Amino acid sequence: VRRRARVGEALATIRRCGGLSVVIVFVFAACSAESPSVLSPEGESAQRIDRLWWLMLWISLAVLAVVLGLMVAAIVRRGRRDVEVDRTTPSWGDPFIVIAGVAVPALILIAVFVVSLRDLDSITEQRDATLTIDIIGHVWWWEVRYPGEAVTANEIHIPTGETVRFRLTSDDVIHSFWVPELAPKIDMIDGRTNVLDVRTDVPGTYRGQCAEFCGLQHANMAFHVIAEPRDEFDAWLQNEAEPADSDTETASGLDVFLSSTCIGCHTIRGTEATGTLGPDLTHLGSRLRLAAGTIPNSREDLARWIEDPQSIKPGNVMPPTELSAADLDALLDYLETLD
Amino acid sequence: MASYAERLELVWHEGTGLSAWAGTVDHKRIGLRYLYTGFVFFVLAGLEASLLRVQLAAPGLEVLSPQTYNELFSMHGVTMMFLVATPILSGFGNYFVPLMIGARDMAFPRLNAFGYWVFLAAGVFLNSAFLVGQAPDDGWFNYLPLASEQFTPTLAIDFYALGLIFIGISTTAGAINFIVTILKLRAPGMTLNRIPIFVWGELAFALTVVFALPVLTVANVFLELERKFGFHFYDADGGGDPVLWQHLFWFFGHPEVYLIVLPALGLVSSIIPTFSRRPMVGYTYIVLAELFIFVISFGVWVHHMFAVGLPTIALGIISAASFMVVIPSGTQIFAWLATMVSGRLVLSTAMHFVLGFLVLFVIGGLSGAMFSAVTFDQATTDSYFVVAHFHYVLAGGAMFPMFAGLYYWGPKMLGRLLDERLGKISFWLMFVGFNLTFFPMHIAGLLGQPRRTYTYASGLGWDLHNLLSTIGVFVLGAGILVTFWNWFWSRAHGEPAGEDPWSGDTLEWTTTSPPPEYNFATIPTVRSREPAWDQPKLQGGAQPPEDGGRPLTDGHTTLATTLADAEPQAIVHMPHASPWPLFLTLALMLAFYGVLLSSWMVAAVGAVSSAGTLMGWLWPRGETQET
């Protein structure tokens with residue numbers, strides 16, 4: 001019974017890939033659950049793109065088969081170097097070229113063009129969004145601003161089953177916003193604002209990453225989109241909008257924060273820290289990862305990050321902070337309460 | 001006939017020694033220099049790529065620092081595009097265009113020499129950036145504002161911008177030379193519809209250069225004005241627009257991609273008839289397809305910018321144009337297939353590379369067609385899927401034909417046959433290595449791996465594909481080294497090639513291997529599209545005068561003919577060897593280094609000495625008439 005369940009699971013995976021041929025699915029073994037794969041679409045526009053991909057792949061394989069078949073035919077009837085040159089022209093030559101090399105490709109391409117244009121129209125069509133989120137690219141992290149007070153970084157919560165509109169721009173160089181499982185990518189350019197509508201019905205955590213080369217740490221500029229049912233989302237947003245708790249037990253940690261260089265760049269709403277160069281830390285404790293997806297958000301990693309961010313993400317804007325062991329502990333205690 | 005050859009030998013011999021070496025204007029020597037220099041840069045760019053792949057063999061490696069990684073991938077791209085693909089295909093063109101059209105040299109031999117020297121100097125200029133540790137690090141596409149003074153304050157981008165302006169001089173000079181040579185110096189009787197397809201390919205390449213390259217130069221001049229003098233072409237805060245750079249760059253950049261492929265396709269079209277033992281089926285379609293690609297290449301640049309956020313209507317139009325480009329490529333592929341199927345294929349090493357090319361080019365073409373669909377492009381652009389695609393098209397589409405060219409034309413250039421067995425070993429290593437390197441990248445890209453990243457996290461399903469790619473690079477590299485070994489070994493020990501080892505169809509096979517400095521003892525009169533097959537009297541490069549051969553032994557001359565019908569029109573006096581092109585190059589190099597370092601005195605000295613050497617070059621010496 002268990003084996004049958006596993007087979008069923010495998011078949012479901014293959015079906016999820018949208019393909020009919022196990023061989024092709026094997027070659028494009030694209031459904032490993034952990035990959036942020038274009039071929040495991042969970043967003044409305046990503047699903048359209050996925051369907052278009054399989055259509056184009058099948059056509060491509062057919063064309064490739066025809067070409068390889070003709071090559072094999074030519075190889076099978078090969079000759080030798082001293083074969084006399086044949087000066088005749090095959091009567092089928094020109095019609096063959098016109099049909100196989102011009103007419104048929106033109107028809108196929110027109111068909112695919114029409115399909116792709118329909119997709120483009122549908123994906124870019126302006127819908128009624130229930131929520132608009134501003135995303136601002138920085139070297140090398142993502143600022144996320146919700147309507148109202150909520151500001152966070154590198155983590156975007158959205159409600160499922162609704163169209164969410166992202167307004168995207170950059171504070172410095174060009175970045176590109178890409179969540180392969182949800183939507184096509186779109187660039188973030190200083191002086192311009194691009195709009196991307198996303199809708200998914202499937203709750204989950206979707207990895208995104210900067211797709212436009214943006215300098216030294218382009219490789220470490222990831223983020224996560226967390227899609228959750230409306231009520232969970234509302235609860236999260238409400239919490240996110242609130243200022244940080246002022247907990248007397250960790251007040252000494254806040255003092256460390258306010259008396260060190262941290263305050264120059266970071267905001268913790270509800271305190272005197274109002275820096276804007278780095279991410280807003282008001283609810284740091286609730287985030288999945290640190291440094292734009294680079295390391296997990298654990299106490300040890302946070303400590304490493306504060307003491308020596310340059311060894312983790314060389315060239316990033318944050319300078320190392322030298323703290324005594326006691327101060328560091330107090331600071332970590334405090335930061336961990338920020339959720 | 002010997003008397004013609006003896007007299008021509010006296011007139012055309014450039015001598016030996018330093019002055020002949022520095023001053024040569026012989027298109028064959030210059031062509032070989034392009035090839036050798038191009039392959040040196042090829043090795044350099046290949047080593048850069050190998051280092052990149054070692055760094056990416058597994059997640060989180062620290063073989064290269066992020067900065068070094070960025071420099072290496074940027075220089076890999078710049079080198080492959082500007083210092084490898086274009087020069088090597090120009091090298092084949094330099095060597096073989098005059099031979100295939102029955103001329104004694106290129107139309108402007110000194111400009112030709114100048115083109116080579118500038119290519120070498122610009123290559124040195126660009127790579128000297130490594131010596132000062134400030135190599136270009138913002139990619140070959142060099143987007144603003146990352147490449148602005150604010151975000152890249154080092155000399156890296158100045159090396160890039162000035163280096164590309166510098167090399168543009170070389171490419172433009174070469175292109176103009178090809179156009180005039182092909183249109184005016186064809187042997188009598190070589191009407192437009194008898195021009196070998198490789199020559200058409202070089203013509204389409206040259207036309208593309210002339211229209212596309214000025215845009216890159218302008219873009220880089222703007223960039224330098226902005227970086228050095230604070231202009232605001234690309235600066236959003238100053239009223240400029242960073243997207244302007246993208247438009248300018250890709251308006252050049254996409255034609256650039258095609259201009260690399262065009263002569264490579266021409267090369268393939270030259271090899272297929274010889275080894276299919278029949279004339280090309282659908283010659284006219286292939287020529288029209290090449291010219292169509294040249295035209296349409298200027299209408300597709302925005303498909304590199306589908307994710308920029310441009311108006312939907314613009315995306316639709318460019319998408320349509322991009323789909324259209326697929327058609328002429330398909331036309332050529334089916335014309336080649338028709339020729340091969342209807343003929344009797346000879347599976348020489350050169351033909352192995354052509355067949356390998358065909359497989360890779362079709363795969364790359366099919367994935368390329370996918371990018372014409374806007375939404376699919378938006379999903380996969382800037383991912384490894386793109387890296388896979390363009391290596392199939394450019395490395396598969398140009399590198400494999402280049403190697404086919406080495407095996408096909410090597411015997412003509414060296415006078416000795418290359419080892420066919422080693423050649424086939426090299427081919428199979430390269431073919432397997434190539435697919436092992438680049439095929440998994442398709443999948444990594446679909447799995448969401450973005451390109452131009454110096455590292456990646458584990459647990460994202462990308463590890464295996466990256467490891468396979470890294471292994472593949474070394475198999476590919478081994479295959480390449482086998483051919484290099486084969487080349488140098490055969491150059492010394494290979495069997496004599498004779499005039500025509502493959503019984504080829506075009507004029508270069510009618511003269512000796514390697515050809516004499518004057519190419520042909522008599523300039524042939526051509527009566528067919530495949531003269532070497534149809535006109536036995538062409539043998540020895542000395543068509544007898546009673547059959548139409550023209551000795552032209554009075555002076556250092558070649559024959560000019562009319563543009564369409566190739567009727568004899570004039571006798572052209574060709575210049576002799578001259579060191580001035582080299583001097584001018586050195587003066588220009590000084591000027592470019594001056595601008596680079598913002599030391600305006602040095603730049604001024606360079607500019608003034610450039611003007612001076614140019615005067616020296618053009619000074620009338622009354623040397624046109626000699627015997």
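A:Cys214 sits in the loop between β9 (204-209) and β10 (222-228) of chain A, where helices (H or I, at least four residues) and strands (E, at least two) are DSSP runs numbered from the N terminus. This is a predicted model, in which local features need pLDDT of at least 70 and side-chain atom pairs count only at pLDDT 80 or more, while totals for chains, interfaces and linings use all residues. Residues are numbered from 1 along each chain as its sequence is written, chains are lettered from A and ligands numbered from 1 in the order in which they are written, and side-chain values use heavy atoms, with hydrogens and water left out.

Because its relative accessibility is 0%, A:Cys214 counts as buried; buried means under 20% relative accessible area, exposed over 50%, and partly exposed in between, with a 1.4 Å probe and protein chains only. Leaving aside residues up to four places away in sequence, A:Cys214 touches A:Val139, A:Trp140, A:Val173, A:Ile174, A:His175, A:Met221 and, from the other chain, B:Leu146, a contact being heavy atoms within 4.5 Å. The C-alpha atom of A:Cys214 is separated by 35 Å from that of A:Leu61, 153 residues apart along the chain.

Chain A as a whole has 9 helices and 12 strands, and buried residues make up 51% of its 339 residues. Of the contacts in chain A between residues at least 6 apart in sequence, 61% join residues at least 24 apart. The accessible surface of chain A comes to about 15,500 Å², with 57% of it belonging to carbon and sulfur atoms; these areas come from the Shrake-Rupley method with a 1.4 Å probe, and for residues only the protein chains shown count as cover.

On that surface, A:Val98, A:Ile99, A:Val102 and A:Val104 make a nonpolar patch of about 280 Å². Patches are made of residues with over 30% relative accessible area and no salt bridge, like charges being joined within 9 Å and nonpolar side chains (Val, Leu, Ile, Met, Phe, Trp, Tyr) within 5 Å. A:Val104 belongs to helix α4 (residues 93-124) of chain A and, at 38% relative accessibility, counts as partly exposed.

Charged pairs are the next topic. Side chains of opposite charge can pair when their charged atoms come close. Over all chains the structure has 27 salt bridges, each defined as a side-chain nitrogen of Lys or Arg within 4 Å of a carboxyl oxygen of Asp or Glu. In one of them A:Arg127 pairs with A:Glu44, the closest N and O atoms being 3.4 Å apart. Since A:Arg127 lies in the loop between α4 and β1 (131-138) and A:Glu44 in helix α3 (residues 44-76) of chain A, the pair ties together parts that are 83 residues apart in sequence. A:Glu44 also forms a salt bridge with A:Arg199, with the closest N and O atoms 3.6 Å apart, and this pair links helix α3 to the loop between β8 (194-198) and β9 of chain A, 155 residues apart. A:Glu44, A:Arg127, A:Arg199 and A:Asp201 are linked in a network of salt bridges. A:Glu44 is partly exposed at 35%, as is A:Arg127 at 25% relative accessibility.

Another salt bridge joins A:Arg299 and A:Asp333, whose closest N and O atoms are 2.9 Å apart. A:Arg299 lies in helix α7 (residues 299-307) and A:Asp333 in helix α9 of chain A, so the pair ties together parts 34 residues apart in sequence.

Turning to chain B, which backbone features stand out? The peptide bond from B:Leu144 to B:Pro145 is cis, with omega near 5°, and B:Pro145 lies in the loop between α5 (109-131) and α6 (156-184) of chain B. B:Asn142, also placed in the loop between α5 and α6 of chain B, has a positive phi of about 50° although it is not a glycine, and B:Asn142 is buried, with 0% relative accessibility. The bond from B:Ser513 to B:Pro514 is likewise cis, with omega near -15°.
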